[in-house]
Amino acid sequence: MLENGLEAWKSAGLPTVPLDLDTLPSRTGSNPGDSDATRTDSAATHNHAFLPGLVENYANRHELPIKRELSVLFADIADSTPAIVGAPPDEALRFVQRFMGIVTDAALTYCGDVKDYEGDGALLYFESITEATRAALSIREALRAEDSGTGHPLRARLSLDVGEIVIGVIGTPLRRSVALIGPSINLAARLLKQIPPDGIIATETVITKLRTEAPELAERFSLFDERLELKGFEKQYVVAYAIR
């Protein structure tokens, strides 16, 4: 894993090469100009073409399913309804795409990936809680500087958790997807609606790890609620911290 993400690489003076997205190989392993036969042969030998990049790396090194400690980050557009309801389809999509572009760039910059886009939200995952937290802060700062083009501000709610997650493939040969399964995903999803717009909320587990790995990030969080009651977690109180 690249510690501290792409920005650390650049700060160290290490080289980067711009990519021409139109000439990159597709996720099926074929290239522009390949014949139909070439594409078919390539796709047949690339069993994980439908997987997100980070999970694909796991699949290439290990037999799925596997269990790994991952950090998850939910990002959701706050108060998106006024900008979407009643808007022409192209305008509504443009509004959401501005948000998703920022979210995706942050995930990849900090060595993570996007698991899913759904509605006006996305689930991101990382191998490091430090990188996940930096990505959340990056998303918030980028959105503050973004003009949505609709008269409605682009603001996010962001939630973080970390824990062991089962990574595997679900579906059928006709329609496959990757599954990330674990209580940390459920908890982060529940936490998301607790924080006001522009806020970042995290579990106590996140803060404990940050105090060891990146104390300067842990110090940015303050106690949000030490007796938070969440649906699906009725038998326990959740301790949450936040940057507001």
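Tutor: The dialogue below sets computed values against their definitions.

Tutor: This is a predicted model, in which local features need pLDDT of at least 70 and side-chain atom pairs count only at pLDDT 80 or more, while totals for chains, interfaces and linings use all residues. Residues are numbered from 1 along each chain as its sequence is written, and side-chain values use heavy atoms, with hydrogens and water left out.

Student: How many helices and strands does the protein chain have?

Tutor: The protein chain has 9 helices and 8 strands. These are DSSP runs numbered from the N terminus, helices being H or I with at least four residues and strands E with at least two.

Student: What share of the residues counts as buried?

Tutor: Of the 244 residues, 43% count as buried. Buried means under 20% relative accessible area, exposed over 50%, and partly exposed in between (1.4 Å probe, protein chains only).

Student: Why is valine 55 called buried?

Tutor: Its relative accessibility is 0%, and the limit for buried is under 20%, so valine 55 counts as buried. Valine 55 is found in helix 3 (residues 53-61). Not counting residues up to four places away in sequence, valine 55 touches Tyr125, Ile167, Val178 and Leu180; contact here means heavy atoms within 4.5 Å. Valine 55 and leucine 180 are 125 residues apart in sequence, yet their C-alpha atoms are 9.6 Å apart in space.

Student: What makes arginine 155 and aspartate 79 a salt bridge?

Tutor: A salt bridge requires a side-chain nitrogen of Lys or Arg within 4 Å of a carboxyl oxygen of Asp or Glu. The closest N and O atoms of arginine 155 and aspartate 79 are 3.4 Å apart, so the pair meets the definition. The pair links distant parts of the chain, 76 residues apart: arginine 155 lies in the loop between helix 6 (129-144) and strand 4 (156-172), and aspartate 79 in the loop between strand 1 (66-77) and helix 4 (81-84). The whole structure holds 8 salt bridges.

Student: Why are arginine 155 and aspartate 79 called partly exposed?

Tutor: Arginine 155 has 34% relative accessibility and aspartate 79 has 46%.

Student: Which residues are linked with Arg144 in a network of salt bridges?

Tutor: The network links Glu141, Arg144 and Asp198. Within it, the side chains of arginine 144 and aspartate 198 meet at 2.8 Å, N to O. This pair links distant parts of the chain, with arginine 144 in helix 6 and aspartate 198 in the loop between helix 7 (183-192) and strand 6 (200-203), 54 residues apart. Arginine 144 is partly exposed, at 47% relative accessibility. Aspartate 198 has a positive phi of about 80 degrees although it is not a glycine.

Student: Why is arginine 140 said to have no salt bridge?

Tutor: The nearest side chain of opposite charge, glutamate 141, is 4.2 Å away, and the limit is within 4 Å, so no salt bridge is counted for this buried arginine 140. For charge, Lys and Arg count as positive and Asp and Glu as negative, while His and the chain ends are not counted. A polar atom of the arginine 140 side chain does lie 3.0 Å from the backbone oxygen of aspartate 198.

Student: How does the span of helix 5 accord with what is expected?

Tutor: Helix 5 (residues 89-109) has 21 residues and reaches 30 Å from its first C-alpha to its last, close to the expected 30 Å. The expected span is 1.5 Å times one less than the number of residues. Among the buried residues of helix 5 are Phe95, Phe99 and Val103.

Notes. A polar contact is a pair of N or O atoms within 3.5 Å; within protein, one must be able to donate a hydrogen and the other to accept it, and residues adjacent in sequence count only if both atoms are side-chain atoms.
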